[in-house]
Amino acid sequence: MPERGGAVHELVCLLSVRNGEHDLPGYLESVSHFADAVVALDDGSTDATSEILRRHPLVKVHLSNPRRADDAGGHESGNRNRLLVAAAPLRPRWIVSLDAGERVSADDARALRQFVRVEAVPGAAYGFRLRGAGEPCDALGEDEPWTVRLFAYRN
């Protein structure tokens, strides 16, 4: 991990994933268009999730929870807190949290980078309407919910 005083990462993705080996290649390709780094937590996977995360150059921090046979025993809020703490040495300006099955189109990725560089207000949080893996880009309707996923990081 970088030490305090190291390079500032403009946009860091947080990812908590369990048994995501099939989703991770598409996720990592998608976030590579806008993220400077990924902080990932393997939440007890029994598949190749951990190996995929460990090998990918965009994943700068890899955390893990003990393997478990099923979804019982997960700690979503604790995982989010661990990811946030682990992101601190990267000195992120902005954090975006996406699930392994979510995708950001290349056009939206460019717009997101431009937005955080020029328009985003430090201290604010922003919502998205995201599509899942395999959904066409035009699949989102006006009635799709907005979910806060982008926020300024406070060291």
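This is a predicted model: local features need pLDDT of at least 70, side-chain atom pairs count only at pLDDT 80 or more; totals for chains, interfaces and linings use all residues.
Student: How many helices and strands does the protein have?

Tutor: Helices (H or I, at least four residues) and strands (E, at least two) are DSSP runs, numbered from the N terminus. From that end on, the elements run β-α-β-α-β-α-β-β-α-β-β-β. The total comes to 4 helices and 8 strands.

Student: What share of the residues is buried?

Tutor: Buried means under 20% relative accessible area, exposed means over 50%, and partly exposed is in between (1.4 Å probe, protein chains only). Of the 155 residues in the protein, the buried share is 43%.

Student: Which residues touch the most other members of the largest nonpolar core?

Tutor: A nonpolar core is a set of buried Ala, Val, Leu, Ile, Met, Phe, Trp, Tyr and Cys residues joined through side-chain atoms within 4.5 Å. In soluble globular proteins, nonpolar side chains tend to be buried together. Here the largest core has 28 residues, and those touching the most other members are Leu 15, Tyr 27, Val 31, Phe 34 and Val 38.

Student: What is the volume of the largest pocket?

Tutor: On a 1 Å grid over the protein atoms alone, a pocket is an open set of points where a 1.4 Å probe fits, with protein on both sides within 12 Å along at least five of seven lines; lining residues have an atom within 4 Å of a point. Grid points are joined across faces, edges and corners, and a volume is the space filled by probe spheres set on the points. For the largest pocket, that gives about 570 Å³.

Student: Which element gives the most to the lining of that pocket?

Tutor: There are 25 lining residues, and the closest to the centre are Ser 16, Val 17, Glu 76, Arg 80 and Asp 99. The elements giving two or more residues are E1, helix H3 (76-87) and E8. With 5 residues, the one that gives the most is H3.

Student: What does the side chain of Ser 45 make a polar contact with?

Tutor: Ser 45 is in the loop between E2 and H2, and Ser 45 is buried, at 2% relative accessible area. A polar contact is a pair of N or O atoms within 3.5 Å; within protein, one must be able to donate a hydrogen and the other to accept it, and residues adjacent in sequence count only if both atoms are side-chain atoms. The backbone nitrogen of Asn 19 lies 2.7 Å from a polar atom of the Ser 45 side chain. The side-chain partner, at 2.5 Å, is the side chain of Asp 42.

Student: What is phi of Asn 19?

Tutor: Asn 19 is in the loop between E1 and H1, and Asn 19 is partly exposed at 30% relative accessible area. Most residues other than glycine have a negative phi. Asn 19 has a positive value though it isn't glycine, and its phi is near 50°.

Student: Which residues does Gly 20 contact, leaving aside neighbours within four places?

Tutor: Gly 20 is in the loop between E1 and H1, and counts as buried at 4% relative accessibility. Gly 20 and Ser 50 are 30 residues apart in sequence, yet their C-alpha atoms are 9.0 Å apart in space. The contacts of Gly 20 are with Asp 47 and Thr 49.

Definitions and conventions
Residues are numbered from 1 along each chain as its sequence is written. Side-chain values use heavy atoms; hydrogens and water are left out. Contact means heavy atoms within 4.5 Å.
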